[in-house]
Amino acid sequence: MNNRVLWVLLLLLLVGSSAVVVFFRNGHKSNTEDPGLSQLDTLDSAEDDFDMVAAGHQVASFCGDCHAVPTPDQFPQAAWPEEIEDGYRFYFDSGRRDLKMPAKRIVLEYYRRLAPKELLVDPGVKPAVRPKVRFVSADHAYTKIDKEVSPAPPAVANVRWFGNGSTRPATAKPALWVCDMRRGFVVEMFLSPAGVEYGRRAIVPHPAHTAIVDLDNDQQEELLVADLGSFLPEDHGKGQVLWLRPQADGTGFNSVKLLGDIGRVTDIEAADFDQDGDQDLVVAEFGWRSTGQIHILENLGLQEGIPQFRQRVVDDRHGCISVTPVDLNGDGKMDFVALLSQEHESVVGFFNRGDGTFRLQTIFSADNPSFGTSGLQPADLDQDGDIDLVYTNGDMFDRFYVAPYHGVHWLEQMADGSWKQHLLASMPGVHRAAVADLDNDGDLDLVACALISDNMMQKYDAAHFNSLIWIEQVGNGKFVTHALESGQCYHATADVADFDNDGDVDIAVGQFREISGAVRSDVTIWWNQTLSQPKKSAAKADSSGNLSTQ
């Protein structure tokens, strides 16, 4: 399909739930003359004199100059002609001419001989008949606040819970903030098992992520919003960081642009990086192909009530999904960790030197430039006193193949400052993982959600794929996977918290669809039954034994 869209989700997650970014790559023809493209399928794969060793050296030298060398098992045989064509096109479009290019027909034959005919994927875990932790799921649609007669399908890029805390005013109400990047909604939801109430909302062109701040020190909460600038991918200057100040009547916001004229912005977070008492900003400009950087905005103080910033670039790579402030090494200075996708497929720590500069350390880098990096969350998963990272790779929209190497990983910080990778669970299409103690046994578990396109779900037997799982920590660094939901892989984002203050942890997931379902759902809340079954007894069990509302 020459004009098909490729969705790449950048959660986008952040503390609790990263922002997710969807972009598309269409199969346009390059304007660069390239006579070899027409020869991709001309080599006879039965040639006996083909030198695999020499071909492997040529592939490693050419493909490995900019990123990890793709291994043949990343895609099935049928996908490699287009993959190789794109690789050469990207090289031509980059303007580089310093590498010795092997003939494309040689590269194709190398991958065609070694690639599997198809990718074999673990079908997933079956939902338990009598699950250890039981939930009531409730679907919610914000169509009643949408003026469109036939609203577009949901494209919820981010759900993020803001509860009561020491950094919030006493009058602040706990709420779930939702970003729909297609419809341009930023919506406040007040949650209870009895239903949902909608609070303030704002119209932003293509919101990807929110953060709560008080930049003008008026004891009123404001919102920071990362705006992509476009739903479809482009290398443009339409991305922006918006500061939303509450209106006096409490019904909405006034918008102030803090940073603009940049590429697609996927994440924005606030922290005092220079330790001068005010909030600086870190911005993930994902961009696309020729745009994209990571920015620090140093807070210079207020001018007529508006915060002023000095902008500087701390990393010029494109493809940054999220930037999460956290003191990674426990030295009292605020660091941040960046999640890089595209060909980088890496997790990078930015360690604060204390003078406004950062020392970069690659915490994890995949040996696969199509690994599908999708989400990241800091958490002390083993509760040993240091910060670990939970990393997901499940972006499968690059070639529309569900991959067996998608999964949820624990990046454990070791005593010497190194990091050790553990695969906790395989999960096709996984996009986000959130950390909490779901079974109230004193250790930390995980919830992970998956996004697979509607078209792909129709191609495969959708019931085989887990869409929401609970990864239970059972002790001594061991984990067991439980399926909470299967066959509904439309979740690009998730967050967890005790939404109803009943002592157990609930789950929120957002829907991202190409088509509207039979029953409209934008956000689904999974109410934990562990400590509150009498209050939530109105729900009934479905055929799988899980509880769901009707």
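**Exercises: salt bridges and a sheet**

In this predicted model, the side chains of Glu 298 and Arg 310 meet in a salt bridge, 2.8 Å from N to O (a salt bridge is a side-chain nitrogen of Lys or Arg within 4 Å of a carboxyl oxygen of Asp or Glu). Residues are numbered from 1 along each chain as its sequence is written, and side-chain values use heavy atoms, leaving out hydrogens and water. As the model is predicted, local features need pLDDT of at least 70 and side-chain atom pairs count only at pLDDT 80 or more, while totals for chains, interfaces and linings use all residues.

**Exercise 1.** Find which strands hold Glu 298 and Arg 310.

*Solution.*
- Step 1: Glu 298 lies in strand E14 (residues 293–303) and Arg 310 in strand E15 (residues 306–315), so the pair ties together parts 12 residues apart in sequence. Strands here are DSSP runs (E, at least two residues) and helices too (H or I, at least four), numbered from the N terminus.
- Step 2: Glu 298, at 22% relative accessibility, is partly exposed (buried means under 20% relative accessible area, exposed over 50%, partly exposed in between, with a 1.4 Å probe and protein chains only).

**Exercise 2.** Decide whether Arg 513 and Asp 454 are buried or exposed.

*Solution.*
- Step 1: Their side chains meet in a salt bridge (2.6 Å, N to O).
- Step 2: Arg 513 counts as buried at 14% relative accessibility, and Asp 454 counts as buried at 3%.

**Exercise 3.** Work out the strand order of the open sheet.

*Solution.*
- Step 1: The order is E16-E17-E18-E19, with antiparallel pairing (two strands pair if DSSP finds at least two bridges between them).
- Step 2: E16 (320–326) and E19 (358–365) stand at the edges, each with a single partner strand.
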